[in-house]
Amino acid sequence: MARTPIIAGNWKMNNTIAEGTQLVKDLAPLVKDAKVDVVVCPTSTALAAITAETKGTNIHVGAQNVHWEDHGAFTGEISTKMLTEIGVDYCVLGHSERRDYFGETNEGVNKRAHAAFAAGITPIICCGEPLEIRERGSYLDYVAFQVLEALAGFKPEEVAKLVIAYEPIWAIGTGKTATFDQAEEVCGHIRETIKKSYGAEAAEAVRIQYGGSVKPATIKDLMQQPNVDGALVGGASLKAKDFSEIVNF
Ligand code: PGA
């Protein structure tokens, strides 16, 4: 079974409603014939406007986080119900910026992933090692551990429907892309790890993105790697031309 690649733009804390609306207006005609699943992930204030604007296009909308509870006293958080109400169908979870600056843990990512999945929102679960782990040489174990913790409690047929994003922290926003071999090595290891715990079918079906300074110039070679099924794109997703070139690689 061939995996449909998925290319997602993580806008992070960029784009007002007006800016984001203009961006997807410009983007829609440029990506209408895309052979991949296309996702944009605006900030929470812009989610409703962007889901409305992209209605009837092939652009899907993802949130940048979601809480595991349905409602309640969780200041600053958003629930799955609030996202499904406006037609959000993906959610980035466990991004390294969430982990590093806001103390998110593997356990929290796991709880968020279960809530999202149960609500019909596809989690894009991020993992990736910091520079010192890369230099120490223990990055494969580090990433495998993050993935297994995030997937705890999922059934194999559920794992098959998830998206994992491998983003080495040293390559995010630094202009320092991992080499194609480095991306393939870790994405392949993630698939192998999933195979051992969830079986060959789940491992064959799960989509694994690479993220970290992906640009129009690097996407083609990246997508040639057998275990890379797409990209999570930060900086280059903020310009319609760049993002469309990545999507239409
Ligand atoms: P970048 O961000 O493409 O700007 O490196 C990627 C990400 O953090 O998802």
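## A buried charged pair

D229 and R191 are both buried, where buried means under 20% relative accessible area, exposed over 50% and partly exposed in between (1.4 Å probe, protein chains only). The model is a predicted one, in which local features need pLDDT of at least 70 and side-chain atom pairs count only at pLDDT 80 or more, while totals for chains, interfaces and linings use all residues. Residues are numbered from 1 along each chain as its sequence is written, and side-chain values use heavy atoms, with hydrogens and water left out.

R191 and D229 form a salt bridge, with their closest N and O atoms 2.7 Å apart; the term denotes a side-chain nitrogen of Lys or Arg within 4 Å of a carboxyl oxygen of Asp or Glu. This pair links distant parts of the chain, since D229 lies in the loop between α11 and β8 and R191 in helix α9 (residues 180–198), 38 residues apart. Helices (H or I, at least four residues) and strands (E, at least two) are DSSP runs, numbered from the N terminus. Salt bridges with shared partners join R191 and D229 with R3 and E204 into one network.

## Other salt bridges

In total, the structure holds 13 salt bridges. One of them joins E204 to R3, with 3.5 Å between the closest N and O atoms. E204 belongs to helix α10 (residues 200–205) and R3 to the segment before β1, so this pair ties together parts that are 201 residues apart in sequence. E204 is partly exposed, its relative accessible area being 45%.

A further salt bridge is formed by the side chains of D37 and R207, at 2.8 Å from N to O. D37 is in strand β2 and R207 in strand β7, 170 residues apart, and the pair links these distant parts of the chain. D37 is partly exposed, with a relative accessible area of 22%, whereas R207 is buried, with a value of 14%.

Helix α12 (residues 240–247) has A240, F243, S244, I246 and V247 as buried residues. Seen down the helix axis, they fall within an arc of 155°, so they line one face of α12; the arc is that of the directions from the helix axis to the C-beta atoms. These buried residues pack against β1 (6–10), α1 (17–31), β2 (37–41), α11 (216–223) and β8 (230–233).

Within β8, G230 and L232 point one way and A231 and V233 the other, and all are buried. β8 pairs with β1 in the parallel sense over 4 bridges, pairing being assigned if DSSP finds at least two bridges between two strands. In β8, V233 stands opposite G9. Strand β7 (residues 207–211) also pairs with β8 in the parallel sense, over 2 bridges, and Y210 stands opposite A231.

## Arginine 99

R99 is found in helix α4 (residues 96–102). The side chain of R99 reaches the backbone oxygen of G94 at 2.7 Å and that of C126 at 2.9 Å. Apart from its neighbours within four places in sequence, R99 is in contact (heavy atoms within 4.5 Å) with G94, E104, T105, N106, V109, C126 and Q146.

Definitions and conventions: A polar contact is a pair of N or O atoms within 3.5 Å; within protein, one must be able to donate a hydrogen and the other to accept it, and residues adjacent in sequence count only if both atoms are side-chain atoms.
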